[in-house]
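Hello,

Here is the structure I promised to pass on. Have a look at it first, and then read my notes below.

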Amino acid sequence: MISDVARLIRLARPARTRLIGAILLAAGATGAAVALLAVSGWLIARASFEPPVLHLMVAVVAVRFFGISRGVLRYAERLVGHDAAFTALATVRQRLYAQLERLAPIGRLWRRGDLLDRLVADVDAVPNVLTRAVVPAVSGVLVMAAAVIAATIILPSAGAVLATALVIGAILGPWTVARADQRESAQLRDVQARRADLIAETVLAASDPGLAEIGPGRLAAVADLDVAEARLVRRAARRAGVANAATMLSLTAASAVIWWLGSGATQAGTLAAENATLLVLLPLGLLEVSGAMQPAVAAAAQAAASARRIFGVLDTPAERARPGAEVPAEPWPIVLRDAALTWPGADEPSVRDVDLHLAPGRRIAIAGPSGSGKSTVLAGLMEYADVTGGDYLVAGAPHAEYAADTVRSIYAWCDQQAHLFDTTIAENVRLSRPGASDEQIAAALDAARLSDWIASLPHGAETMVGQFGVRVSGGQRQRIGLARALLADRPVLLADEPTASLDRETADRLMRDLLAASGDRALVVVTHDRRYLGDFDVVLDLEATQLLAR
Ligand code: ADP
Ligand code: MG
């Protein structure tokens, strides 16, 4: 778990300084809270001896200082911490996007929409690991260490007692609970998944009169799973409660033991009474810090699961790496001649006799019924499907002479349904070119005809799109995808049924704007909607081609 989180943090390197800043600010804030209690105790005990008021001035000022700085530092920590978290999020997102593009935009991964959605959710969980786990845990450990050192300086035996109580209450306790949680979370997920399947099956069966009898038995099975889930959830809650109590108990006990040690030392004349008060209050002041350790560890465990899925993708080697020359900046002409395209692992080509000639400004439609191989042609251009017959030429040379990655980098991609991350419009566009300036993003948004809509939003391009883009319409989503593809600024723009999920009118407008926005790029659009074919320079009709091929 720790190694996954550590790797996630390393990945978020651009946020490092701010992360360290947030940790120090958090340590300052909690440290101030602890110091406030301890110094207040010292002050009250000291004042009871009625010394000249001047002798109390430093402590009085310190109390005021800690009281105010606690709030100020906490506020600053929140600002810096969230800033760090969102920088980290953007970095991880960009890395993942680049990797997904390398792996297979229309290959295995992207065909599984649910997988991708989960991955998007995993990435969006990245900020939590920083703000909920790393910052509180690391700053907590710093404050606890400082408290132990301070106690040891004043009275070594008290330092030892405090250290023992903290190890038990704030480290061993949370750790044990997290281990148990982790063991049981797999069971919990399993129960939930089984219930979801069962419910889906039962609902489907309900519409079939022949299956009506199975209903009651199924419902009983669902109820059993409900009970199993409740038991697991209750057990987790009980564990958290026990750990919480253990933290309280160990620190309160430490306070009592220190009181006993302190009275002894005070009577022996080796410890001033006000210092004894300070020591007794120290463990109580640390209750908040040590109580925060358990949720921090739980948050880290949760993030570790997300991190593992993210790294699973990042660590997948690009299967089709091939060394070779760089594709020239002007890759024209790009030609498929009598090409047969075969998916890896398939025995037969999915499409044959494909002729395609891509040139600057040329707009090509690929038409044909479902399953006729339209997407496969795009996959062939991007080398996700193999050219097993005929030729694929780039700048006049066989494509295999170029490194696979550089052939792929000729193309920008518009998906059937643009995948949006839970961030701003601008950040979603920036994914295709992380270094892009705000002006370049504005230009891309403008070319995708989004400027008017964006101008009408209170936060403009900084508007959040919501999880999976729930807050934008289908047409806006596709246009954000188009802006992303335009920003990538590649010589060829590929779009696979970009209007498939849109109503007729929205689809018409998007298609018109897509044709206009492609400019002097080559544009290849897959569409099964024959209405648009007249607007293109060239139409590759796979229905006809495949008939001829047969
Ligand atoms: P279209 O886009 O015209 O609907 P496709 O190009 O998706 O058609 O499909 C053509 C054929 O290629 C189908 O038989 C399909 O099963 C196969 N195919 C499509 N995508 C893949 C893939 N990623 N891996 C293996 N086979 C695929
Ligand atoms: Mg398709």
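Let me start with a surface position: E505 counts as exposed because its relative accessibility is 55%. By the convention I used, exposed means over 50% relative accessible area, buried under 20%, and partly exposed in between, with a 1.4 Å probe and protein chains only.

Some housekeeping before the rest. This is a predicted model, in which local features need pLDDT of at least 70 and side-chain atom pairs count only at pLDDT 80 or more, while totals for chains, interfaces and linings use all residues. Residues are numbered from 1 along each chain as its sequence is written, chains are lettered from A and ligands numbered from 1 in the order in which they are written, and side-chain values use heavy atoms, with hydrogens and water left out. Helices (H or I, at least four residues) and strands (E, at least two) are DSSP runs numbered from the N terminus.

Now to the interior. A nonpolar core here is a set of buried Ala, Val, Leu, Ile, Met, Phe, Trp, Tyr and Cys residues joined through side-chain atoms within 4.5 Å. The largest one has 39 residues, and V429, L445, I480, L493, L514 and F536 have the most contacts inside it. Elements that each supply at least two of its residues include strand 3 (363-367), helix 14 (425-430) and helix 18 (504-517). Helix 17 gives the largest share, seven residues. A second, separate core has 37 residues, among them A85, L119, V135 and A307.

As for contacts (heavy atoms within 4.5 Å), L514 touches L482, L493, A495, P498, L523 and V525, leaving out residues up to four places away in sequence. Q476, found in helix 17, counts as buried because its relative accessibility is 18%. With neighbours within four places in sequence set aside, Q476 is in contact with L450 and W453.

Strand 7 deserves a look on your screen. Five of its five residues are buried, so strand 7 is largely enclosed by the rest of the structure. In a regular strand the side chains alternate between the two faces of the sheet. Here V492, L494 and D496 point one way, and L493 and A495 the other. Strands count as paired if DSSP finds at least two bridges between them. Strand 7 runs parallel to strand 6, with four bridges, and parallel to strand 8, with five. L494 stands opposite W413 and has V524 as its bridge partner in strand 8.

Next, the helices towards the other end.

An unreviewed UniProt entry lists "transmembrane region" for residues 20-44, 56-73, 133-154, 160-178 and 241-261. Residues 133-154 are 100% helix and 0% strand, with end C-alpha atoms 32 Å apart. Residues 160-178 are also 100% helix and 0% strand, with ends 26 Å apart, C-alpha to C-alpha. The UniProt positions follow the numbering used here, feature names are shortened, and annotations may be inferred rather than shown by experiment.

Best wishes
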